[in-house]
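Have the sequence and the 3D view open while reading.

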Amino acid sequence: MRCFLPIRYISLNCEDPFKPLLENCRAVVLAGGTMEPIGEVKQQLLLSSGRDISVFSCGHVIPPQNILPLTLSHGTKVELNFSFDGRRKPGMLTEVGNILLEIIHLIPGGVVCFFPSYQCLSDCKAVLLKDGILDKISKVKTLYFDEAGRKNSDDILGSYASSIQRAENNPNSVNTGAILFSVLGGKMSEGINFSDNLGRCVIVIGLPFANPSDPVLQEKMRYLNGNIKATEGGRTPGQTYYENSCMKSVNQGIGRAIRHINDYAAILLLDRRYGTDRIQGKLPKWISKHVQKKSNVTSVKTAIKNFFSSRET
(Lines give C-alpha, C1' and ligand atoms only; values in the text may rest on other atoms or scores of the structure.)
Protein backbone atom coordinates (compact mmCIF):
# COMPACT_ATOMS: atom_id res chain seq x y z
CA MET A 1 0.00 0.00 0.00
CA ARG A 2 1.33 3.41 -0.99
CA CYS A 3 1.58 6.18 1.53
CA PHE A 4 1.65 9.80 0.37
CA LEU A 5 2.97 12.49 2.68
CA PRO A 6 2.24 16.12 1.81
CA ILE A 7 5.22 18.48 1.64
CA ARG A 8 4.77 22.20 2.18
CA TYR A 9 7.19 24.93 1.22
CA ILE A 10 6.81 28.14 3.17
CA SER A 11 8.72 31.40 3.06
CA LEU A 12 10.22 32.10 6.47
CA ASN A 13 12.18 35.11 5.24
CA CYS A 14 10.06 37.65 3.42
CA GLU A 15 12.84 40.28 3.38
CA ASP A 16 15.08 38.72 0.71
CA PRO A 17 12.43 38.67 -2.07
CA PHE A 18 11.61 42.29 -1.17
CA LYS A 19 15.21 43.56 -1.25
CA PRO A 20 15.51 44.08 -5.05
CA LEU A 21 12.48 46.33 -4.95
CA LEU A 22 13.98 48.48 -2.20
CA GLU A 23 17.36 48.62 -3.92
CA ASN A 24 16.00 49.67 -7.30
CA CYS A 25 13.30 52.14 -6.32
CA ARG A 26 13.68 55.67 -5.06
CA ALA A 27 10.58 55.25 -2.89
CA VAL A 28 8.24 52.39 -2.04
CA VAL A 29 4.65 52.87 -0.88
CA LEU A 30 2.84 50.07 0.96
CA ALA A 31 -0.87 50.80 1.14
CA GLY A 32 -3.76 48.82 2.52
CA GLY A 33 -6.99 49.02 4.41
CA THR A 34 -6.09 46.56 7.18
CA MET A 35 -2.36 46.93 7.86
CA GLU A 36 -2.57 47.33 11.63
CA PRO A 37 -0.69 46.10 13.59
CA ILE A 38 2.07 47.40 11.33
CA GLY A 39 5.10 46.81 13.56
CA GLU A 40 5.98 43.42 12.09
CA VAL A 41 5.80 44.78 8.54
CA LYS A 42 8.57 47.22 9.41
CA GLN A 43 10.47 44.53 11.31
CA GLN A 44 10.40 41.87 8.62
CA LEU A 45 10.58 43.92 5.43
CA LEU A 46 12.24 47.24 6.07
CA LEU A 47 14.42 47.60 9.16
CA SER A 48 17.64 46.16 7.72
CA SER A 49 17.33 48.27 4.58
CA GLY A 50 18.52 51.42 6.35
CA ARG A 51 15.84 53.41 4.52
CA ASP A 52 13.75 56.10 6.18
CA ILE A 53 10.32 54.71 7.13
CA SER A 54 7.25 56.90 7.46
CA VAL A 55 3.86 55.58 8.60
CA PHE A 56 0.71 57.51 7.77
CA SER A 57 -2.77 56.57 8.86
CA CYS A 58 -5.57 58.74 7.54
CA GLY A 59 -8.29 57.37 9.77
CA HIS A 60 -11.75 56.64 8.40
CA VAL A 61 -14.19 58.66 6.31
CA ILE A 62 -17.02 58.23 8.80
CA PRO A 63 -17.53 60.75 11.61
CA PRO A 64 -16.67 59.43 15.11
CA GLN A 65 -20.32 59.55 16.22
CA ASN A 66 -21.12 56.84 13.65
CA ILE A 67 -19.28 54.09 15.51
CA LEU A 68 -19.68 52.71 18.99
CA PRO A 69 -16.71 50.44 19.85
CA LEU A 70 -17.15 48.71 23.21
CA THR A 71 -15.14 46.15 25.14
CA LEU A 72 -16.85 44.02 27.79
CA SER A 73 -14.83 42.26 30.49
CA HIS A 74 -17.67 40.69 32.51
CA GLY A 75 -20.87 38.98 31.47
CA THR A 76 -24.02 38.54 33.50
CA LYS A 77 -22.30 36.19 35.95
CA VAL A 78 -18.60 35.64 35.21
CA GLU A 79 -15.51 37.37 33.87
CA LEU A 80 -15.29 36.81 30.11
CA ASN A 81 -12.36 34.70 28.99
CA PHE A 82 -12.85 32.83 25.71
CA SER A 83 -9.35 31.41 25.48
CA PHE A 84 -9.15 27.71 24.61
CA ASP A 85 -9.16 26.76 28.31
CA GLY A 86 -11.41 29.63 29.43
CA ARG A 87 -14.33 28.79 27.20
CA ARG A 88 -14.42 25.27 28.63
CA LYS A 89 -15.32 26.59 32.06
CA PRO A 90 -18.95 26.04 33.12
CA GLY A 91 -21.21 28.87 32.06
CA MET A 92 -18.70 30.69 29.82
CA LEU A 93 -20.39 29.90 26.50
CA THR A 94 -23.80 30.44 28.09
CA GLU A 95 -22.71 34.03 28.71
CA VAL A 96 -22.70 34.63 24.94
CA GLY A 97 -26.40 33.83 24.85
CA ASN A 98 -27.17 35.80 27.99
CA ILE A 99 -25.47 38.90 26.59
CA LEU A 100 -27.24 38.57 23.24
CA LEU A 101 -30.61 38.32 24.96
CA GLU A 102 -29.86 41.53 26.83
CA ILE A 103 -28.95 43.63 23.77
CA ILE A 104 -30.31 42.31 20.47
CA HIS A 105 -33.74 43.92 20.89
CA LEU A 106 -31.95 47.29 21.02
CA ILE A 107 -30.23 46.78 17.66
CA PRO A 108 -32.11 47.28 14.37
CA GLY A 109 -31.47 45.10 11.33
CA GLY A 110 -28.58 42.69 11.25
CA VAL A 111 -26.12 41.50 13.87
CA VAL A 112 -22.97 39.58 12.92
CA CYS A 113 -21.26 37.47 15.60
CA PHE A 114 -17.72 36.29 14.94
CA PHE A 115 -16.22 33.36 16.87
CA PRO A 116 -12.51 32.46 17.06
CA SER A 117 -13.02 29.06 15.39
CA TYR A 118 -15.67 26.79 13.90
CA GLN A 119 -15.24 24.45 16.87
CA CYS A 120 -15.99 27.26 19.31
CA LEU A 121 -19.04 28.25 17.25
CA SER A 122 -20.25 24.65 17.20
CA ASP A 123 -19.73 24.24 20.96
CA CYS A 124 -21.54 27.49 21.71
CA LYS A 125 -24.43 26.57 19.43
CA ALA A 126 -24.85 23.25 21.23
CA VAL A 127 -24.83 24.91 24.67
CA LEU A 128 -27.31 27.64 23.71
CA LEU A 129 -29.58 25.10 22.04
CA LYS A 130 -29.58 22.89 25.13
CA ASP A 131 -30.26 25.86 27.44
CA GLY A 132 -33.16 27.06 25.29
CA ILE A 133 -31.44 30.40 24.68
CA LEU A 134 -31.32 30.04 20.89
CA ASP A 135 -35.09 29.67 20.82
CA LYS A 136 -35.46 32.94 22.75
CA ILE A 137 -33.01 34.74 20.45
CA SER A 138 -34.85 33.48 17.36
CA LYS A 139 -38.00 35.29 18.46
CA VAL A 140 -36.13 38.61 18.11
CA LYS A 141 -33.68 37.86 15.29
CA THR A 142 -33.82 35.12 12.66
CA LEU A 143 -30.83 32.80 13.13
CA TYR A 144 -28.20 31.94 10.53
CA PHE A 145 -25.05 29.87 11.02
CA ASP A 146 -21.92 29.66 8.91
CA GLU A 147 -20.48 26.17 8.56
CA ALA A 148 -16.97 24.83 8.08
CA GLY A 149 -16.34 23.74 4.49
CA ARG A 150 -19.17 25.81 3.03
CA LYS A 151 -18.09 26.54 -0.56
CA ASN A 152 -20.76 29.06 -1.46
CA SER A 153 -21.83 31.71 1.02
CA ASP A 154 -24.26 33.46 -1.35
CA ASP A 155 -27.24 31.35 -0.26
CA ILE A 156 -26.93 32.09 3.45
CA LEU A 157 -26.15 35.76 2.81
CA GLY A 158 -29.20 36.07 0.55
CA SER A 159 -31.49 34.56 3.16
CA TYR A 160 -29.93 36.70 5.90
CA ALA A 161 -30.51 39.87 3.85
CA SER A 162 -34.10 38.87 3.04
CA SER A 163 -34.92 38.36 6.73
CA ILE A 164 -33.60 41.83 7.53
CA GLN A 165 -35.61 43.36 4.70
CA ARG A 166 -38.81 41.65 5.87
CA ALA A 167 -38.31 43.02 9.38
CA GLU A 168 -37.67 46.48 7.96
CA ASN A 169 -40.91 46.28 5.99
CA ASN A 170 -42.82 45.25 9.14
CA PRO A 171 -41.74 47.71 11.86
CA ASN A 172 -44.44 46.49 14.25
CA SER A 173 -43.17 42.91 14.19
CA VAL A 174 -41.49 41.39 17.26
CA ASN A 175 -38.76 40.15 14.91
CA THR A 176 -36.34 43.02 14.28
CA GLY A 177 -33.98 41.43 11.75
CA ALA A 178 -31.44 38.61 11.68
CA ILE A 179 -28.28 37.42 13.40
CA LEU A 180 -25.45 35.66 11.60
CA PHE A 181 -23.04 33.45 13.55
CA SER A 182 -19.73 33.15 11.74
CA VAL A 183 -15.98 32.74 12.26
CA LEU A 184 -13.03 35.12 12.08
CA GLY A 185 -10.76 34.14 9.22
CA GLY A 186 -13.66 32.54 7.35
CA LYS A 187 -15.30 33.79 4.16
CA MET A 188 -17.82 35.93 6.03
CA SER A 189 -15.12 37.94 7.81
CA GLU A 190 -13.09 38.86 4.74
CA GLY A 191 -14.36 40.44 1.54
CA ILE A 192 -18.05 40.46 2.51
CA ASN A 193 -19.76 43.81 3.01
CA PHE A 194 -22.29 44.07 5.82
CA SER A 195 -23.15 47.67 5.07
CA ASP A 196 -26.14 49.59 6.42
CA ASN A 197 -28.83 47.37 7.93
CA LEU A 198 -26.91 44.19 7.09
CA GLY A 199 -24.52 44.92 9.95
CA ARG A 200 -25.66 47.41 12.56
CA CYS A 201 -23.63 45.55 15.16
CA VAL A 202 -20.54 43.35 14.95
CA ILE A 203 -19.85 41.18 17.99
CA VAL A 204 -16.49 39.42 18.39
CA ILE A 205 -16.29 36.57 20.87
CA GLY A 206 -12.74 35.99 22.11
CA LEU A 207 -9.49 36.28 20.15
CA PRO A 208 -8.72 33.96 17.22
CA PHE A 209 -5.22 32.84 18.17
CA ALA A 210 -3.84 30.10 15.93
CA ASN A 211 -3.14 26.63 17.28
CA PRO A 212 0.29 26.99 18.95
CA SER A 213 1.15 23.38 18.08
CA ASP A 214 0.84 24.02 14.33
CA PRO A 215 4.27 23.10 12.87
CA VAL A 216 4.20 25.89 10.27
CA LEU A 217 3.51 28.48 12.97
CA GLN A 218 6.22 27.01 15.19
CA GLU A 219 8.82 27.20 12.41
CA LYS A 220 7.87 30.78 11.56
CA MET A 221 8.15 31.86 15.20
CA ARG A 222 11.44 29.99 15.62
CA TYR A 223 12.89 31.73 12.56
CA LEU A 224 11.77 35.18 13.71
CA ASN A 225 13.14 34.66 17.22
CA GLY A 226 16.50 33.64 15.81
CA ASN A 227 16.86 36.44 13.28
CA ILE A 228 15.06 39.55 14.60
CA LYS A 229 15.68 41.43 17.82
CA ALA A 230 12.93 41.80 20.39
CA THR A 231 11.58 45.35 20.16
CA GLU A 232 8.02 45.37 21.50
CA GLY A 233 8.04 45.58 25.29
CA GLY A 234 10.54 42.76 25.57
CA ARG A 235 8.28 40.32 23.72
CA THR A 236 10.01 38.04 21.25
CA PRO A 237 9.40 38.62 17.52
CA GLY A 238 7.66 35.25 17.40
CA GLN A 239 5.22 36.27 20.12
CA THR A 240 4.58 39.58 18.36
CA TYR A 241 3.92 37.78 15.06
CA TYR A 242 1.55 35.34 16.79
CA GLU A 243 -0.44 38.13 18.42
CA ASN A 244 -0.47 40.38 15.36
CA SER A 245 -1.76 37.58 13.13
CA CYS A 246 -4.66 37.18 15.54
CA MET A 247 -5.45 40.88 15.64
CA LYS A 248 -5.32 41.29 11.87
CA SER A 249 -8.10 38.71 11.69
CA VAL A 250 -10.09 40.66 14.30
CA ASN A 251 -9.57 43.92 12.40
CA GLN A 252 -10.76 42.35 9.16
CA GLY A 253 -13.93 41.18 10.85
CA ILE A 254 -14.90 44.38 12.63
CA GLY A 255 -14.35 46.40 9.48
CA ARG A 256 -17.09 44.52 7.63
CA ALA A 257 -19.87 46.73 9.02
CA ILE A 258 -18.56 50.22 8.13
CA ARG A 259 -18.52 50.51 4.34
CA HIS A 260 -19.32 54.15 3.43
CA ILE A 261 -19.33 57.66 4.87
CA ASN A 262 -22.94 57.55 6.11
CA ASP A 263 -22.79 54.05 7.54
CA TYR A 264 -22.96 53.44 11.30
CA ALA A 265 -22.58 50.45 13.59
CA ALA A 266 -21.80 49.27 17.10
CA ILE A 267 -18.79 47.03 17.70
CA LEU A 268 -18.77 44.81 20.78
CA LEU A 269 -15.62 42.90 21.76
CA LEU A 270 -16.35 40.18 24.32
CA ASP A 271 -13.31 39.14 26.35
CA ARG A 272 -11.44 40.68 29.26
CA ARG A 273 -8.26 40.73 27.12
CA TYR A 274 -9.77 43.38 24.82
CA GLY A 275 -9.62 45.76 27.79
CA THR A 276 -5.81 45.65 27.93
CA ASP A 277 -3.79 48.49 26.44
CA ARG A 278 -1.60 46.11 24.41
CA ILE A 279 -4.53 44.49 22.59
CA GLN A 280 -6.37 47.79 22.08
CA GLY A 281 -3.18 49.24 20.63
CA LYS A 282 -3.40 46.68 17.82
CA LEU A 283 -6.87 47.81 16.74
CA PRO A 284 -7.18 50.32 13.86
CA LYS A 285 -6.65 53.83 15.20
CA TRP A 286 -10.05 55.01 13.95
CA ILE A 287 -11.54 52.45 16.33
CA SER A 288 -9.07 52.30 19.23
CA LYS A 289 -9.23 56.02 20.01
CA HIS A 290 -13.00 55.78 20.56
CA VAL A 291 -13.14 52.49 22.50
CA GLN A 292 -15.22 52.50 25.65
CA LYS A 293 -14.26 49.92 28.26
CA LYS A 294 -17.26 48.36 29.99
CA SER A 295 -17.24 46.01 32.95
CA ASN A 296 -20.91 45.03 33.09
CA VAL A 297 -23.75 44.27 30.69
CA THR A 298 -25.98 47.06 32.02
CA SER A 299 -23.55 49.76 30.90
CA VAL A 300 -23.29 48.12 27.48
CA LYS A 301 -27.08 48.11 27.14
CA THR A 302 -27.25 51.80 28.02
CA ALA A 303 -24.52 52.70 25.51
CA ILE A 304 -26.13 50.70 22.70
CA LYS A 305 -29.60 52.05 23.43
CA ASN A 306 -28.35 55.65 23.39
CA PHE A 307 -26.32 55.09 20.22
CA PHE A 308 -29.20 53.78 18.13
CA SER A 309 -31.71 56.19 19.65
CA SER A 310 -29.51 59.06 18.48
CA ARG A 311 -29.59 57.66 14.95
CA GLU A 312 -33.38 57.85 14.86
CA THR A 313 -33.50 61.60 15.58
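A crossing of two helices is called left-handed if the near helix is turned anticlockwise from the far one by less than a right angle, and right-handed if it is turned clockwise. By that convention, α3 and α11 cross in the right-handed sense. The model is predicted.

- In general, the strands of a sheet pair through backbone hydrogen bonds, in either a parallel or an antiparallel arrangement.

**Strands β3, β4 and β2**

- Five bridges link β3 and β4, in the parallel sense. Within this pairing, L143 has I179 of β4 as its bridge partner.
- β2 and β4 also run parallel and are joined by seven bridges. V112 is bridged to L180 in β4, while V111 stands opposite I179 in β4.
- On to β5, β2 has a parallel pairing with four bridges. Here V111 stands opposite C201 in β5.
- Seven of the seven residues of β2 are buried, so the strand is mostly covered.
- For β4, seven of the seven residues are buried, so the strand is largely enclosed by the rest of the structure.

- Strand β5 (residues 201-205) pairs in the parallel sense with strand β6 (residues 265-270), over five bridges.
- Along this pairing, V202 stands opposite I267 and I205 stands opposite L270.
- Strand β1 (residues 67-72) runs parallel to β6 and is joined to it by six bridges. L68 has A266 as its bridge partner in β6.
- Because six of the six residues of β6 are buried, this strand is largely enclosed by the rest of the structure.
- Side chains in a regular strand alternate between the two faces of the sheet.
- In β6, A265, I267 and L269 point one way and A266, L268 and L270 the other way. Both sets are buried.

- Helix α3 (residues 92-103) has twelve residues. The distance from its first C-alpha to its last is 18 Å, close to the 16 Å expected at 1.5 Å a residue.
- Ten of the twelve residues of α3 are buried, and the helix is mostly covered. The buried residues are M92, L93, T94, E95, V96, G97, N98, I99, L100 and I103.
- The axes of α3 and helix α11 (residues 297-312) come within 10 Å and cross at roughly 35 degrees.
- On the α3 side of the contact are I99, E102 and I103, which meet V297, V300, K301 and I304 in α11.
- By class, this contact has five nonpolar, no polar and two charged residues.

**Residue V96**

- V96 is located in helix α3. Why does V96 count as buried? Its relative accessibility is 1%, and the cut-off for buried is under 20%.
- Leaving out residues up to four places away in sequence, V96 touches F82, F115, C124 and I205.
- M188 is 92 residues from V96 along the chain, and the C-alpha atoms of the two are separated by 20 Å.

**Residue D196**

- Where does D196 lie? D196 is in the loop between β4 and β5.
- Most residues other than glycine have a negative phi.
- D196 is not a glycine, and its phi is positive, near 50 degrees.
- D196 counts as partly exposed because its relative accessible area is 32%, and that class lies between the limits of 20% and 50%.

Conventions
Residues are numbered from 1 along each chain as its sequence is written. This is a predicted model: local features need pLDDT of at least 70, side-chain atom pairs count only at pLDDT 80 or more; totals for chains, interfaces and linings use all residues. Side-chain values use heavy atoms; hydrogens and water are left out. Helices (H or I, at least four residues) and strands (E, at least two) are DSSP runs, numbered from the N terminus. The expected span of a helix is 1.5 Å times one less than its number of residues. Buried means under 20% relative accessible area, exposed over 50%, partly exposed in between (1.4 Å probe, protein chains only). Two strands pair if DSSP finds at least two bridges between them. Axes are lines fitted to C-alpha atoms, for helices over the stretch in contact, and angles run from 0 to 180 degrees between N-to-C directions. Contact means heavy atoms within 4.5 Å. Ala, Val, Leu, Ile, Met, Phe, Trp, Tyr, Cys and Pro count as nonpolar, Asp, Glu, Lys and Arg as charged, and the others, Gly among them, as polar.
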